[in-house]
Amino acid sequence: MRPPKEPTFRESVDMMFNRAVALMDLSPGLEEKIRVCNSTYTVRFGVRLRGQIFTFTGYRSNHSEHMEPVKGGIRYALSVDQDEVEALSALMTFKCALVEAPFGGSKGGLCIDPTQWEVHELEQITRRFAFELIKRDLIHPSQNVPAPDMGTGEREMAWIADQYARMNTTDINAKACVTGKPLNAGGIAGRVEATGRGVQYALREFFRHPEDIAKAGLKGTLDGKKVIVQGLGNVGYHAAKFLSEEDGCKIIGIIERDGALFDENGIDVENVRQWIIKHGGVSGYPDAAHHAEGAAVMEEACDILIPAAMEGVINMGNADRIKAPLIIEAANGPVTAGADDILRKKGTVIIPDMYANAGGVTVSYFEWVKNLSHIRFGRMQRRQEEARHELIVKELERLDHYLGDKWSMTPDFKEKYLRGAGELELVRSGLDDTMRIAYQSMREVWHGREDVDDLRTAAYLVSISKVAASYQAKGL
Ligand code: NAD
């Protein structure tokens with residue numbers, strides 16, 4: 001529950017926007033145009049289930065159409081309301097601008113607890129919701145392209161894509177109406193892991209800059225850093241898994257709906273994930289201490305805190321007790337505007353949501369391009385690339401032969417060098433590049449302007465200027 005005086009999610013986003021825009025030189029009219037949410041469609045529809053009619057409420061909000069299609073996930077949760085989808089759709093506008101994904105911002109949601117319904121019931125509900133949005137072009141390859149968010153995944157996206165195809169039988173680009181689909185339904189390799197992978201790439205980029213590490217009062221590399229993660233869903237699981245398995249981070253705390261696990265020596269992320277899948281929560285997990293009051297574990301000492309569950313979890317009620325010197329917002333809006341003020345004053349470095357979780361929309365962009373081009377990435381060049389590499393390896397092998405004991409190839413060089421990039425490698429490379437460039441654009445402002453002392457304001461400045469330039473180019 002929100003503590004008293006805590007702004008709503010939407011108000012929080014507006015306050016952060018206002019702080020940034022006050023440092024810019026935009027006309028008041030353009031400033032207002034960029035801030036407001038263009039439209040929010042509310043639909044109430046009935047579905048006959050279990051012998052009676054159930055009425056569901058869903059939303060699709062288009063924050064900004066300065067670029068089309070607009071893009072943004074569809075969330076299934078009981079917390080979904082107009083305020084939430086509008087806040088999330090505004091964040092999508094700024095996120096897409098920051099990582100240069102050519103979309104406007106949108107978001108959708110259905111007020112539902114997905115765990116209360118059988119799979120075939122969820123399919124009926126999803127298809128009906130999709131039908132309502134499709135017939136108003138609120139799902140459309142060139143107008144509005146949803147993706148997964150909390151409570152939805154590949155399965156729901158496949159139902160939506162199929163529903164669109166049924167209603168638009170001659171649209172050759174039908175698959176591009178939604179992203180985050182399974183591979184066999186037009187998806188792309190690496191989309192499921194993308195947001196968590198993006199969080200990993202964001203942290204790697206942060207740790208490439210000694211000045212930034214020092215700002216957080218940290219030292220060294222990611223290796224050995226103590227991490228607490230809230231929410232072991234799609235985003236949190238992949239981020240924690242990659243950071244622990246590939247970068248040497250120690251995951252000391254995992255917070256879920258039914259409490260938290262804590263172990264100073266590190267927790268095995270994959271084991272916990274398997275436990276959650278089997279038992280529905282972290283309770284009873286044998287290899288770490290369980291704390292019934294999960295949220296309190298966010299206040300434990302650690303190097304990096306990764307809120308990856310939902311908005312508003314770090315608020316005016318607990319911000320001053322958060323000890324982590326570095327927070328990376330894997331979820332959307334986990335830190336409220338009030339908490340942001342408290343943390344900034346304490347010197348906590350926050351890598352903001354609009355950047356930190358942009359991996360999802362970045363790879364969604366690649367999937368959309370793949371669907372429109374009707375060809376898998378790497379299909380044309382992979383073998384040709386391998387053949388060219390083979391030429392070099394053959395020459396090196398000749399050298400190897402003549403130089404004998406003076407020189408030889410590193411044992412796994414040949415195998416690694418010969419392998420041409422497939423779709424997954426290309427997607428990861430494109431994502432890594434995107435995360436590095438976007439971080440650098442933020443840090444230039446962070447370090448370059450005396451009136452900017454945090455990455456969030458820097459991120460807003462970069463993205464608002466890009467949105468403003470688009471509107472100006474349209475003659476507004
Ligand atoms: P998900 O449904 O896969 O996972 C959410 C997890 O958080 C679940 O394991 C759930 O049990 C847990 N959780 C929910 N409420 C909690 C609470 N109060 N305390 C502790 N744990 C809680 O959702 P997701 O797709 O991983 O999304 C998580 C966040 O990341 C959301 O804010 C979403 O908007 C954001 N996000 C997701 C994507 C994506 O590609 N899926 C992209 C960008 C941003």
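Which element gives the largest share of the lining of the second largest pocket? That share, four residues, comes from α5. Before we look around, a word on the ground rules: this is a predicted model, in which local features need pLDDT of at least 70 and side-chain atom pairs count only at pLDDT 80 or more, while totals for chains, interfaces and linings use all residues. Residues are numbered from 1 along each chain as its sequence is written, and side-chain values use heavy atoms, with hydrogens and water left out.

Let's stay with the pocket. A pocket here is an open set of points on a 1 Å grid over the protein atoms alone, where a 1.4 Å probe fits and protein lies on both sides within 12 Å along at least five of seven lines; lining residues have an atom within 4 Å of a point. The second largest pocket holds about 300 Å³ of space, a volume being the space filled by probe spheres set on the points, which are joined across faces, edges and corners. Its lining has 17 residues, and K175, A185, G186, N371 and H374 lie nearest the centre. Both α5 (154-167) and α12 (359-373) supply at least two lining residues each; helices are DSSP runs of H or I with at least four residues, strands are runs of E with at least two, and both are numbered from the N terminus. By class, the lining splits into seven nonpolar, four polar and six charged residues. In this scheme Ala, Val, Leu, Ile, Met, Phe, Trp, Tyr, Cys and Pro are nonpolar, Asp, Glu, Lys and Arg are charged, and the others, Gly among them, are polar.

Now step back to the domains, whose bounds come from an automatic or database domain assignment. Domain 1 covers 39-187 and domain 2 covers 194-359, with 28 Å between their centres, taken over C-alpha atoms. Eleven residues of domain 1 are in contact with ten of domain 2, contact meaning heavy atoms within 4.5 Å. The area buried between them is about 850 Å², 62% of it from carbon and sulfur atoms; this is the accessible area (1.4 Å probe) lost on putting the two parts together, summed over both.

One salt bridge crosses this interface, under a rule that asks for a side-chain nitrogen of Lys or Arg within 4 Å of a carboxyl oxygen of Asp or Glu. The structure holds 46 salt bridges, including R75 with E311 (2.9 Å, N to O) and R127 with E123 (2.9 Å, N to O). R127 and E123 sit four residues apart in helix α4 (residues 119-134), about one turn of the helix.

Finally, the backbone. Most residues other than glycine have a negative phi, and most peptide bonds are trans. E68 and P69 are joined by a cis peptide bond, with omega about 5°, and P69 belongs to the loop between β2 (52-64) and β3 (70-77). R50, in the loop between β1 (39-49) and β2, has a positive phi near 50°. D137, in the loop between α4 and β5 (144-148), has a positive phi near 60°.
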